[in-house]
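Hi,

Here is the structure I promised to pass on.

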Amino acid sequence: MEDAQVGPLDLAARVDEALAVQAVAFGLTDDEVEVRRHIVLRHAASPGVRALGATTPHGRLVGFVYGMPNDRTQWWSTVVEPYLRRNGNAGWLDDAFVITELHVHPAYQKHGLGRELITTITDAAAEPRSILSAIDTESPARALYRSLGYRDLARHVLFPSAGSPYAVMGAPLPLRR
């Protein structure tokens, strides 16, 4: 396995490569990838969006993260807000940097790339906290987020198009090392 370096990513220019990583890491169908392609391109044009990629010396993208300052009018916020409010955590939607997507190719997982991607992107955030959603199951991703200081803000969150419930997690910034 080649080493990978983390650096800035032109998300719009490399959307197909990023989605190929996500498809393998997350088990997406071709139809799901096509739907997500439009979403990612819309996000890439959003104010304040930032993206990082993990790239091999030969230029292969093997991991990526992107996020942006939260906007309560965006779809994700409108879906999670009632769940957060129910738990007394709706304030987490204000002044927060959202990790929109974080994926590492399975062949490159468990080598610290996910940790490096998320800590590097949040270290540059102006906001005092970070929020994200993850499938609501005990997984390596959830363990990583907890090790960085994220805690569950709401569980059993149902997104209209998702087959599994999600957890919304939040952490103060900078993330724990």
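(Buried is under 20% relative accessible area, exposed is over 50%, and partly exposed is in between, with a 1.4 Å probe and protein chains only.) The residue sits in helix H2, residues 30–44. Leaving out residues up to four places away in sequence, His-43 touches Val-49, Tyr-66, Met-68 and Thr-100, where contact means heavy atoms within 4.5 Å.

Before you go further, some ground rules. This is a predicted model, where local features need pLDDT of at least 70 and side-chain atom pairs count only at pLDDT 80 or more, while totals for chains, interfaces and linings use all residues. Residues are numbered from 1 along each chain as its sequence is written, and side-chain values use heavy atoms, with hydrogens and water left out.

Now the overall fold. The chain has five helices and seven strands, in the order β-α-α-β-β-α-β-α-β-α-β-β along the sequence. The radius of gyration is 15 Å, close to the 16 Å that the globule rule gives for 177 residues, so the chain is as compact as a globular protein of that length. (That radius is taken over C-alpha atoms, and the rule is 2.2 Å times the number of residues to the power 0.38; helices are DSSP runs of H or I with at least four residues, strands are runs of E with at least two, and both are numbered from the N terminus.) Along the principal axes, the C-alpha atoms fill a box of roughly 45 × 35 × 35 Å. Of the 177 residues, 46% count as buried. Among contacts with a separation of 6 or more, 68% are between residues 24 or more positions apart.

As for annotation, UniProt lists residues 4–174 as "domain: N-acetyltransferase" in an unreviewed entry; such annotations may be inferred rather than shown by experiment. Over residues 4–174 the chain is 34% helix and 29% strand, and the end C-alpha atoms are 23 Å apart.

Next, the helices. In H4 (residues 113–123), the buried residues are Leu-113, Gly-114, Leu-117, Ile-118, Thr-119, Ile-121 and Thr-122. Their cover includes strands E1 (5–8), E2 (50–55), E3 (61–69), E4 (96–104) and E5 (129–135), along with helix H5 (140–147). Glu-81, in helix H3 (residues 75–86), counts as buried at 18% relative accessibility. Beyond four places in sequence, Glu-81 touches Arg-72, Ala-90 and Leu-93.

Ala-25 belongs to helix H1, residues 15–26, and is partly exposed at 27%. Setting aside neighbours within four places, Ala-25 is in contact with His-103, Val-104, Pro-106 and Gln-109.

Finally, some backbone details to check in your viewer. Lys-110, in the loop between E4 and H4, has a phi near 70 degrees, a positive value in a residue other than glycine. Lys-110 is exposed, at 73% relative accessible area. His-156, in strand E6 (residues 151–157), also is not a glycine and has a positive phi of about 60 degrees; His-156 is exposed at 52%. The peptide bond from Leu-173 to Pro-174 is cis, with omega near 0 degrees, and Pro-174 is in the segment after strand E7 (166–172).

Cheers
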